[in-house]
Amino acid sequence: MRAVLCKEFSTPPKLKVDNIDVPTLGKGEVRIEVHACGINFADVLIVQGKYQTKPPLPFVPGGEVAGVVSEIAPDVTNVELGQRVLGMSSQGGFAEEVVVDAQRVLGIPDVMDFKAGASFAVTYGTSHLALDHRAHLTSGETLLVLGASGGVGLTAVEIGKAMGATVIGAASTGEKLKIVQDHGADHLINYVEDDLRKCVKEIVGGIDVVYDPVGGEPFLQALRCMNWEGRIIVIGFASGTIQKIPANYLLLKNCAAVGAYWGPYMDKKPEVLLRSLSTLIDWFEAGRLAPHISASYPLAKADAALALLYERKATGKVVLTTRD
Ligand SMILES: NC(=O)c1ccc[n+]([C@@H]2O[C@H](COP(=O)([O-])OP(=O)(O)OC[C@H]3O[C@@H](n4cnc5c(N)ncnc54)[C@H](OP(=O)(O)O)[C@@H]3O)[C@@H](O)[C@H]2O)c1
């Protein structure tokens with residue numbers, strides 16, 4: 001089969017399509033004929049050797065896919081041959097076929113196409129788990145989303161609105177902010193050109209929940225905009241800087257800094273993750289969520305696709321397709 005191979009860790013990422021053996025199917029596993037693979041920032045970090053896990057070389061990156069079940073192990077009962085599914089593959093997704101643990105495979109509704117299916121679990125899953133399970137966002141609260149036009153950021157905007165919050169989206173360009181507005185944000189801030197703290201003060205006074213996939217200076221600015229008993233959620237460090245938190249800010253306003261790392265929930269608390277995804281699929285079917293797929297490339301152009309995220313040019317999701 002054709003697959004995208006990472007043969008060396010490098011910055012910028014260097015990837016090549018090659019013919020490799022199809023993966024073998026083990027106990028409790030499902031083979032998916034891949035139609036689309038979603039790209040996440042984690043893929044960009046893994047192929048540079050900058051992620052918390054460093055796979056042995058060579059490897060096929062790709063943490064989430066959508067496609068059709070083409071083979072199942074005899075002990076698998078949750079999916080059927082021929083079913084349209086999404087798969088949370090962790091790795092191996094940038095390929096024509098991938099083998100995934102059956103517990104990480106979910107059926108997708110007819111109204112969800114493969115590109116949307118491959119853009120769904122990681123981003124919407126992270127944002128819902130963070131806002132609901134970790135930060136307990138409630139209706140009527142103010143939510144500030146940093147990096148709001150990005151993969152996870154845009155889903156936090158939509159989910160924040162679905163949960164009844166007043167959403168302030170912050171992004172670095174007017175073009176990105178337009179997309180944030182189209183996905184439901186009530187207020188917009190250009191946090192590169194304008195002073196984040198001053199803008200928040202003028203628009204809503206203060207923030208109850210901050211959703212931060214960017215890290216570095218924007219986190220520190222947002223921390224200073226918090227309301228009493230606010231929660232600031234650490235999602236990631238797309239800026240490349242892991243900030244240190246001045247604890248006195250947490251103390252003075254009775255605030256909490258909360259980490260939200262989605263992946264480990266599948267092993268540690270699968271019921272929380274699966275309940276969250278089931279809610280999100282219901283919301284999708286009801287038309288309350290609209291995945292924004294801004295670019296789609298064939299496998300052979302994986303380099304160019306990853307470069308969009310690496311160069312801070314991506315909005316919403318970028319996907320790879322296997323049938324072009
Ligand atoms: N905790 C979890 O479970 C989890 C799950 C998924 C992702 N993440 C993390 O969340 C972060 C975002 O992931 P993503 O997939 O949403 O990525 P993405 O689509 O590339 O979005 C990242 C956003 O960060 C902002 N940014 C600021 N400085 C940047 C820089 N130097 N390079 C690139 N982007 C920069 C950009 O918005 P502006 O240009 O508007 O600033 C961009 O829209 C990553 O750190 C990722 O590892 C965490």
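**Interface between the domains**

Domain 1 and domain 2 bury about 930 Å² between them, with 56% of this area on carbon and sulfur atoms; buried area is the accessible area (1.4 Å probe) that two parts lose on being put together, summed over both. On the side of domain 1, Phe-120, His-292 and Arg-312 lose the most area to domain 2, together accounting for 43% of what that side buries.

Contact, defined as heavy atoms within 4.5 Å, involves 11 residues of domain 1 and 14 residues of domain 2. There are 5 residue pairs in polar contact between the domains, both residues at pLDDT 80 or more. A polar contact is a pair of N or O atoms within 3.5 Å; within protein, one must be able to donate a hydrogen and the other to accept it, and residues adjacent in sequence count only if both atoms are side-chain atoms.

**Model and domain layout**

The model is predicted: local features need pLDDT of at least 70, side-chain atom pairs count only at pLDDT 80 or more, and totals for chains, interfaces and linings use all residues. Residues are numbered from 1 along each chain as its sequence is written, and side-chain values use heavy atoms, with hydrogens and water left out.

An automatic or database domain assignment divides the chain into domain 1 (2-120 + 291-321) and domain 2 (123-259). Their centres, taken over C-alpha atoms, are separated by 28 Å.

**Ligand site**

The ligand is surrounded by 23 residues, each with a heavy atom within 4 Å of it. Gly-151, Ser-172, Lys-176, Tyr-191 and Ala-260 are the closest.
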